[in-house]
Amino acid sequence: MPETGWAGPGGRLSGLGVSQGRAAGPLVRMAGPPSLPAPRPVADPEAEAATAVKALEAVTADLNRRAAAARTGGGGEAAEILEALAMIADDPMLREEAETRARGGADAAHALEAAFNGHQDALAALGGYLAERAADLDDLKHRAVAAALGLPVPGLPDPGHPYVLVAGDLSPADTAGLGPDVLALITERGGPTSHTAILARARGLPAVVACPAVADVPDGTIVGVDGASGEIALGLTPEQAAEVMERDRAERARLAAATGPGRTADGHPVRLLANIGSAADLRPGAEGVGLFRTEFLFLDRKQPPSPEEQTAAYAEVFERAEGPVIVRTLDAGTDKPLPFLGLPEEPNPALGVRGLRVDRLLPGVLDAQLAAIAEAARATGADVRVMAPMVTTPAEAADFARRARAAGIAQVGVMVEVPAAALRAVQLLREVDFLSIGTNDLAQYTFAADRQHPALADLLDPRQPALLGLIEACAAAGRAAGKPVGVCGEAAGDPAVAPLLVGLGVTSLSMAPSCVPLVREALAGLTLEECRELAREALA
Ligand code: PEP
Ligand code: MG
């Protein structure tokens, strides 16, 4: 691939680059659930019955193969889930039901659909835990029907070799489940601060979103992905792909070689912190954790985590992190649904009950979490602080601070994600010890622009003067109160924006661990006065 242009022999596409780095490999698409064609007349019922049985066997074998791979890779819990699913697909009653339906004249796909539906209805009728398992059968049903129709298996692909994953969009749970074979992500939809983008960055995976044209690129095409510029090169040779991977490795190694605390060229300290979703995201190099998104631990859960399970998950992070850890209490709702909370559907979820507001509908969840965090902090002796998401008024900040301190957590802060909070930063800082500005949501709510919306990316640009003005006001309030004010939204990890934030007066930057080396390098190249000049220009 020529160094000057990011295009392959097959041309190029572009989208929004949301997670830095380059990678190249064969494109594999995530298939959606198969759509069932109209029933077709059946000439040979025995052959249909045999096709249905073969489809179930193929699904069982595939699940068992993935379970074995998960077990070898140390994923015991994942292996158990996959084995349990394989047992359901292999259930003789299910097989007999499908055979009976096929012998009765249904084609294989409809016979399987009906057999699974019967199973699901029976489980749903039992209620409770078993009724919840009924929903799990959907995935098995889609897999079996796809196998019977000769369509690609729905869900995350597992081609058995490294690949570039392409999808219409990915749920946070899909992104969290990505295996080590995924080299890069391309989605047709999605915005710059969507949770797909955040999770890709946490994994250090190059990612491009909002690229509808990728829908027309055939599976297997070797593509190069530039997660910074958003460009996708099509039709590379295997040699060109290997060269891209090698250059990316060398660039990451070069950046990782620089270590130490964040400083401008003239030595002004700026703490460089990590945004994580679990202990698996921790990497050496940051000076602490500035945002531990605890909701990412429980995205897939239909049952609430017990206090012991919560304490264990937090303690794992506290034990392994270097430096202080700022834990954010659950930020459920809108684009991060937590099924176990059972929150009601809302017509306007981003403006509804999310983040700290969940406490209004479900009292008890927050206090239980604060108790688990405090317990994990005591058990590990780590320097643990907490902050609440989506705080809107000083009264909410005061209530949160009182409850966190009562649980035994000394250092308490709030996130500034709502313009009303930024406008009352002085009053918030009378109640709490620090502020952490969530620019992803602060931009969304300041510009009334959905953070997931690819067509509104310009409004969500962190260099928008109105957003910078709110950040400046928070930083000034922090200076006056002698309390730290950091940024933990995605803007903090952008090497082009980070110096500007420092110029506005923020005292720490928290970002995906993969961004820390780039931001460290960007700050080290500028004096504080140069950062301030950048900020003045941007505000003007
Ligand atoms: C933010 O809104 O900037 C933030 C850090 O929180 P999240 O992205 O998890 O909503
Ligand atoms: Mg937020």
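In the predicted model, helix H15 (residues 439–446) packs against helix H16 (residues 465–481) at an angle of about 125°, the two axes lying 10 Å apart. The crossing of the two helices, H15 and H16, is right-handed. On the H15 side, the contact is formed by Thr439, Leu442, Ala443 and Thr446, and on the H16 side by Ala466, Leu467, Leu470 and Ile471. Six of the residues in this contact between H15 and H16 are nonpolar and two are polar, with no charged residue taking part.

The largest nonpolar core comprises 89 residues, of which Phe318, Leu435 and Leu509 touch the most other members. Helix H11 (residues 365–380) makes the greatest contribution to this core, supplying seven residues. When neighbours within four places in sequence are set aside, the contacts of Phe318 are Val325, Val327, Ile373, Ala376, Ala377, Thr380, Ala382 and Val384. Another core, of 25 residues, lies apart from the largest one and includes Ala70, Ala86, Ala115 and Ala144.

Asp226 is located in strand E7 (residues 222–226). The relative accessibility of Asp226 is 8%, and this residue therefore counts as buried, the cut-off being under 20%. Between Asp226 and Phe116 there is a separation of 110 residues in sequence and of 42 Å in space, taken from C-alpha to C-alpha.

Key. Residues are numbered from 1 along each chain as its sequence is written. Chains are lettered from A and ligands numbered from 1 in the order in which they are written. This is a predicted model: local features need pLDDT of at least 70, side-chain atom pairs count only at pLDDT 80 or more; totals for chains, interfaces and linings use all residues. Side-chain values use heavy atoms; hydrogens and water are left out. Axes are lines fitted to C-alpha atoms, for helices over the stretch in contact, and angles run from 0 to 180 degrees between N-to-C directions. Helices (H or I, at least four residues) and strands (E, at least two) are DSSP runs, numbered from the N terminus. A crossing is left-handed if the near helix is turned anticlockwise from the far one by less than a right angle, and right-handed if clockwise. Contact means heavy atoms within 4.5 Å. Ala, Val, Leu, Ile, Met, Phe, Trp, Tyr, Cys and Pro count as nonpolar, Asp, Glu, Lys and Arg as charged, and the others, Gly among them, as polar. A nonpolar core is a set of buried Ala, Val, Leu, Ile, Met, Phe, Trp, Tyr and Cys residues joined through side-chain atoms within 4.5 Å. Buried means under 20% relative accessible area, exposed over 50%, partly exposed in between (1.4 Å probe, protein chains only).
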